[in-house]
Amino acid sequence: DILAFGANPEEVELCFRGILALSIKNGQKVGIIDLTQGEIGTRGNKEIRIKEASRSSSVLGIKVRENLKFRDGFLTNDEYINSPYIETNNNFYPYG
């Protein structure tokens with residue numbers, strides 16, 4: 001029902017946890033796609049971010065979570081980013 005995309009692990013939860021929790025409570029299925037592993041973050045490292053994201057997914061009841069593993073800090077609006085993004089979106093919503 002909801003497929004949320006975030007640049008780094010935990011960003012979706014930090015910004016939208018209330019909406020996600022309410023949506024799940026109301027019976028909607030929620031998935032999260034992280035674009036990077038958050039490897040250049042200023043607080044922690046990618047291992048910590050991935051572990052915390054996994055825990056928050058469990059607490060919230062997220063049905064699916066994937067990481068596209070793009071390089072953190074180098075997201076651009078080009079074919080390199082858009083093609084996997086579109087493919088991932090289509091895998092979850094093949095009917096458009």
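Which residues make up the largest nonpolar core? In this predicted model, the largest nonpolar core has seven residues. They are A4, V12, L20, V30, I32, L60 and I62. Helix 1 and strand 2 (30-36) are the elements that give two or more residues to this core. In soluble globular proteins, nonpolar side chains tend to be buried together.

Helix packing was examined next. Two packed helices are described by the angle between their axes and the distance between the axes. Helix 1 spans residues 11-25, and helix 2 spans residues 46-60. The two pack at an angle of about 25°, with their axes 10 Å apart. Because angles under 35 degrees count as roughly parallel, helix 1 is roughly parallel to helix 2. The crossing of helix 1 past helix 2 is right-handed. Helix 1 makes the contact through E13, R17, A21 and I24. Helix 2 contributes A53, S56, S57 and L60. By class, this contact has four nonpolar, two polar and two charged residues. L60 belongs to the helix contact and to the largest nonpolar core.

L3 is found in strand 1 (residues 2-6). Its relative accessibility is 15%, so L3 counts as buried. Beyond its neighbours within four places in sequence, L3 is in contact with G31, I32, I33, N89, F92 and Y93. One of these, I32, is also a residue of the largest nonpolar core. L3 and N82 are 79 residues apart in sequence, and their C-alpha atoms are 16 Å apart in space. Q37 is found in the loop between strand 2 and helix 2. Q37 counts as buried because its relative accessibility is 15%, and buried means under 20%. Leaving aside neighbours within four places in sequence, Q37 is in contact with P9, K46, R49, I50, N67, K69 and F70.

E10 has a positive phi of about 85° although it is not a glycine. E10 lies in the loop between strand 1 and helix 1. At 19% relative accessibility, E10 counts as buried. K69 has a positive phi of about 60°, and it too is not a glycine. K69 is found in strand 3 (residues 64-70). K69 counts as exposed, at 57% relative accessibility. K69 is also one of the contacts of Q37.

Conventions
Residues are numbered from 1 along each chain as its sequence is written. This is a predicted model: local features need pLDDT of at least 70, side-chain atom pairs count only at pLDDT 80 or more; totals for chains, interfaces and linings use all residues. Side-chain values use heavy atoms; hydrogens and water are left out. Axes are lines fitted to C-alpha atoms, for helices over the stretch in contact, and angles run from 0 to 180 degrees between N-to-C directions. Helices (H or I, at least four residues) and strands (E, at least two) are DSSP runs, numbered from the N terminus. Angles under 35 degrees count as roughly parallel, over 145 as roughly antiparallel, 65 to 115 as roughly perpendicular and the rest as oblique. A crossing is left-handed if the near helix is turned anticlockwise from the far one by less than a right angle, and right-handed if clockwise. Contact means heavy atoms within 4.5 Å. Ala, Val, Leu, Ile, Met, Phe, Trp, Tyr, Cys and Pro count as nonpolar, Asp, Glu, Lys and Arg as charged, and the others, Gly among them, as polar. A nonpolar core is a set of buried Ala, Val, Leu, Ile, Met, Phe, Trp, Tyr and Cys residues joined through side-chain atoms within 4.5 Å. Buried means under 20% relative accessible area, exposed over 50%, partly exposed in between (1.4 Å probe, protein chains only).
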